[in-house]
Amino acid sequence: MNNPSTYGYPRHTPPPRRPGRRRWTALAAGALLATGALTAITPPAVGAAADPVVVTVNAKAGLAGVPNTALGVNQAIWDTNLGTNETSDLLRAAGVQMLRYPGGSYADIYHWKDHTAPGGYVAPNTDFDTFMAGARRVGAQPMIIANYGTGTPAEAADWVRYANVTKQYGAKYWTIGNENYGNGLYGSAWEADDHPDKSATYYANLVVDYADAMKAVDPTIKVGAVLTMPGNWPDGITAASDPGPWNQAVLSIAGPKIDFVDVHWYPGGSAAESLARTAHIDEAAHLLRQQIARYAGPNAARIGISFTELNVDTGRTTQPGALFLADAYSELLENGVFTVQWWNVHNGIDKVSQVAGHTDYGDFGLLSSGTCTSDGTVCEPPLNTPFAPYHGLSMMNLLAGAGGQFVRAGTDEALVTAHAVRRPDGSLAVMLVNKDPDNARPVTIDYAGFAPSAAAPTVHTLTNGATAIATSQSGSATSRTLPPYSLTTLVLRPDTVVTGAPGAPAQPTVADVTDRGATVSWPALPPAAGGPLKYEVYRQNGTVSEQLGETTASSLAVGNLVPGTRYTLNVLARDGAGRLSWSSPPVTFTTAGPAESTCGVRLRDTNDWGNGFVGSLDIVNNGTHQIDGWTLTFTWPTTWQRVDSGWSATWAQSGRTVTVTNTADNAKIAGGGGSTSAGFVGAYSGPNVWPTAFTLNGTPCAVL
C-alpha cells in the first residue's frame with residue numbers, strides 16, 4: 001500500500017493518500033448518509049437577506065495557551081522538493097513550527113540508516129540530514145515517526161542516538177508508528193505490519209519496548225503512541241483478544257511509558273459536511289482526555305495530544321480546505337492539542353473538479369507539485385504555487401502566535417464560527433470564518449473582559465479564489481461584513497493599557513467531586529505590588545463567565561452544582577488596585593449523579609461497530625415501595641446521537657431527549673433493589689459522548 005506505482009502513478013509522483021484508508025472514510029460516510037445521521041450545513045438562497053450574526057468574545061474565559069509547536073505540516077520522503085530552500089522558505093513564511101517525517105504510512109516501511117522504503121519510492125535528497133537542514137531553515141521542530149511496521153526498538157534507538165548524540169539535533173518528539181490500527185486488525189489493511197500479532201495489545205507492549213530503548217539513549221525525548229480519534233473508525237470496536245477498543249488497550253499498557261498520543265482525522269464528505277464537522281472537535285477532545293485519564297495510569301494528565309494528519313475530501317486545494325484548516329486548527333489548539341499538522345507539503349494531482357467556482361486539483365499538498373493528470377489534459381500551477389490551505393495556515397499564523405492564549409468566542413449562526421487569541425502585548429486577535437459559499441454575512445461583535453480601542457483594527461482577509469491575504473486598517477472592532485467563503489482576522493489594541501496586573505494563575509485542578517460540589521485548587525501567585533491578591537473562580541457557560549466564588553486562598557470549594565453536569569472553570573487573580581490577571585487555563589470535570597436516590601440507572605455500550613452500537617439499560621428501584629409504571633428520560637450530549645430502535649420498553653426521541661416507557665410486562669419494579677432492563681440500537685455520526693443524568697418518574701437517579 002506504499003508503492004506509488006501500485007495505483008498507476010509514475011514512480012516519481014506520489015499517490016493520493018492511502019486509497020485503502022480513503023475507502024473506509026467513504027463507506028462510513030455513505031452509511032451515515034443512508035441513515036440520515038449527518039448534520040449538514042444548508043446555506044440560505046443566494047441573495048437572501050440575513051440579520052447580523054452576533055459574535056461574542058470573552059477574554060475572561062481562557063482556553064489553552066498557544067505552544068511553540070502549534071502549526072505543523074507533514075514532509076514525505078517521496079517528495080523531491082522536501083529539503084529545497086524554496087520549499088523551506090515558503091513554510092517559514094507561513095509560520096510552520098513543526099515538521100513531521102518521513103511521511104505517513106511510509107514511516108512503517110522506512111529504514112533510516114540506508115534511507116530505503118522497500119515497496120515504496122524514496123526520492124533523491126530526502127534523507128534525514130536533508131530533512132533536518134530544511135527544518136532548521138524553516139525554524140521548525142521535528143516530529144519523527146519511528147518504524148513500527150517493519151522496524152525494531154533497536155533501530156529506533158539507533159536513530160535517536162544518531163539524531164541527538166552524534167548530530168546534536170535535539171529532536172524531542174518521536175512517535176511509534178503511523179495509523180497502526182490499519183494493519184488489518186479491524187478488517188482493513190493499509191499499514192505495513194510484519195509482526196505475527198496485529199492486536200492493539202501487541203502494539204502497546206512493543207511501544208513500551210520502543211520507549212525504553214529510545215529513552216535509554218536520550219531520556220529527554222518524548223515518545224508518543226498511535227490512537228484513533230473518538231467517534232471515528234475504529235473507535236469503540238474491540239477485536240481479537242484485546243481487552244477493549246484500540247485506545248483502551250494501548251493506553252492501559254503503554255500509558256505509563258508514553259508522553260503523548262498521536263491522532264489523525266479526515267472528516268470526509270462534501271465541503272459543507274466537512275466544514276460542519278469541526279463542531280465534533282470539542283467532544284472528541286473531551287472523550288480523548290477521558291480515555292487517557294481512565295486508562296493511562298497514574299499521572300495521566302502529563303500525557304499530551306498531537307494531531308499529525310488532517311485534510312478534507314472536497315476542496316483540498318480550494319477555499320473549503322482553507323476554511324476547514326483554520327477552523328479545525330483553532331478548535332484543536334483551543335482544546336490543548338500541542339501540535340496540528342496538515343497532510344501534507346506536496347502530494348500530487350488527483351481527481352480534478354470545480355469546487356466553489358475554482359479548479360480543485362484533488363491534491364493533499366499545501367503547495368503545488370506542478371504535476372499533470374496521467375493523460376496530460378490538466379496540469380497544476382507551477383511547482384510550489386501555494387494552494388488555498390497554505391493561505392489558511394498563514395492566517396492561523398496571524399491569529400495564534402506562541403505565548404498567546406485562546407479565549408472563548410462563539411456565534412449564534414452555524415455558518416459563521418469565531419476564534420480569539422489574547423496576545424502577550426495586550427492585543428486581541430479575532431478570526432471569523434464565513435462558511436456560506438454564496439452570501440456575505442454581516443456580524444456584530446461583543447466583548448467581555450477586553451475593551452477594544454476606538455481606532456480601526458488591522459484586518460487580514462482571505463477571500464474565495466484569492467492568491468494572497470489582503471491586509472488593511474479599516475472599520476471598527478464591533479461590526480464587519482464577512483465576504484462569502486472567507487477568513488477574516490481582526491487585530492485589536494486595548495482601549496487602555498494596564499500595567500502591573502497580576503500574572504495569570506497556573507493550571508487549576510479539581511478534587512472531591514460530588515453530585516453537588518467540588519474543590520478547585522491552583523498554585524498560589526507570589527505577592528503582588530498592588531496589594532493582597534484575591535482569586536475569582538468562573539464557570540464558562542458558553543461565552544458567558546459565571547462567577548462561582550472568590551477567595552484569598554489558593555483553593556475554593558464550589559457548591560450548588562447540578563448532578564451529572566459538565567463544568568469548565570477558570571481562575572483569575574485581582575490585586576488590591578482592582579487590576580485583573582489573564583485567565584488560567586481551564587479545568588473541566590463532571591459532577592456525579594445524586595449521592596442518594598430512590599433509583600439507579602446503568603447505561604452500557606455492549607457492542608460497537610464505529611457509527612452505531614447496541615445499548616443496554618438497567619433500572620434499579622432503591623426505594624422501599626414498588627414502582628408501578630415508569631418513564632425514564634435522558635438527554636444525549638450532542639445532536640448527532642440517536643436511538644434507532646429498542647426493545648423491552650417503548651423508546652422515543654425528540655431532539656436530543658430520549659424517553660423510555662415501560663411495557664405491560666415490566667411496569668412493576670419491586671422496592672429494595674428490584675430491577676428491570678431494556679435495550680436499544682443507537683447511532684452516532686461523531687463522538688459518542690455518554691449521557692450523565694437520568695430521571696425516573698421525575699426523580700434524578702444515581703448513575704451506576
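1. A helix here is a DSSP run of H or I with at least four residues, a strand is a DSSP run of E with at least two, and both kinds are numbered from the N terminus. By this scheme Ala 356 lies in the loop between β10 and β11 (358-360). The model is a predicted one, in which local features need pLDDT of at least 70 and side-chain atom pairs count only at pLDDT 80 or more, while totals for chains, interfaces and linings use all residues. Residues are numbered from 1 along each chain as its sequence is written, and side-chain values use heavy atoms, with hydrogens and water left out.

2. On the overall fold, the chain contains ten helices and 38 strands. Its radius of gyration, taken over C-alpha atoms, is 26 Å, close to the 27 Å that the globule rule gives for 704 residues, so the chain is as compact as a globular protein of that length. The globule rule is 2.2 Å times the number of residues to the power 0.38. Along the principal axes, the C-alpha atoms fill a box of roughly 80 × 65 × 60 Å.

3. On burial and surface, 56% of the 704 residues are buried, where buried means under 20% relative accessible area, exposed means over 50%, and partly exposed is in between, with a 1.4 Å probe and protein chains only. The chain exposes about 25,500 Å², and carbon and sulfur atoms supply 52% of that area; accessible areas come from the Shrake-Rupley method with a 1.4 Å probe, and for residues only the protein chains shown count as cover.

4. Among contacts between residues at least 6 apart in sequence, 73% join residues at least 24 apart. The 43 positive and 55 negative charges have mean positions 4 Å apart; Lys and Arg count as positive and Asp and Glu as negative, while His and the chain ends are not counted. Each charge is placed at NZ of Lys, CZ of Arg, CG of Asp or CD of Glu.

5. On the interior, a nonpolar core is a set of buried Ala, Val, Leu, Ile, Met, Phe, Trp, Tyr and Cys residues joined through side-chain atoms within 4.5 Å. In soluble globular proteins, nonpolar side chains tend to be buried together. The largest core in this chain has 119 residues, and those with the most contacts inside it are Leu 310 and Met 396. Helix α5 (residues 200-217) gives the largest share of this core, ten residues. A second, separate core of 23 residues includes Phe 613, Ala 649, Tyr 684 and Phe 694.

6. Which residues does Met 396 contact, leaving aside its neighbours within four places in sequence? They are Leu 71, Leu 325, Ala 326, Tyr 329, Ser 330, Leu 333 and Met 431. Leu 332, placed in helix α9 (residues 319-334), counts as buried at 2% relative accessibility, and, with the neighbours within four places again left aside, Leu 332 is in contact with Ile 281, Phe 307, Leu 310, Val 337 and Val 340. Leu 332 and Val 57 are 275 residues apart in sequence, and their C-alpha atoms are 18 Å apart in space.

7. Val 217 is in helix α5 and counts as buried at 19% relative accessibility. Not counting residues up to four places away in sequence, Val 217 touches Ala 157, Val 160, Arg 161 and Val 165. The C-alpha atoms of Val 217 and Asp 51, residues that are 166 apart along the chain, are separated by 61 Å.

8. Ser 581 is in the loop between β25 (566-574) and β26 (587-590), and at 2% relative accessibility Ser 581 counts as buried. Apart from residues up to four places away in sequence, Ser 581 touches Pro 502, Gly 503, Ala 504, Pro 505, Leu 572 and Ala 573.

9. Some backbone angles deserve a careful look. Most residues other than glycine have a negative phi, and most peptide bonds are trans. The peptide bond from Tyr 101 to Pro 102 is cis, with omega near 10 degrees, and Pro 102 is in the loop between β3 (98-101) and α3 (128-138). The bond from Trp 343 to Asn 344 is also cis, with omega near -10 degrees. Ala 356 has a positive phi of about 55 degrees although it is not a glycine, and at 28% relative accessibility Ala 356 counts as partly exposed. Asn 697 has a positive phi near 50 degrees and is partly exposed, with a relative accessible area of 44%.

Key:
Contact = heavy atoms within 4.5 Å.
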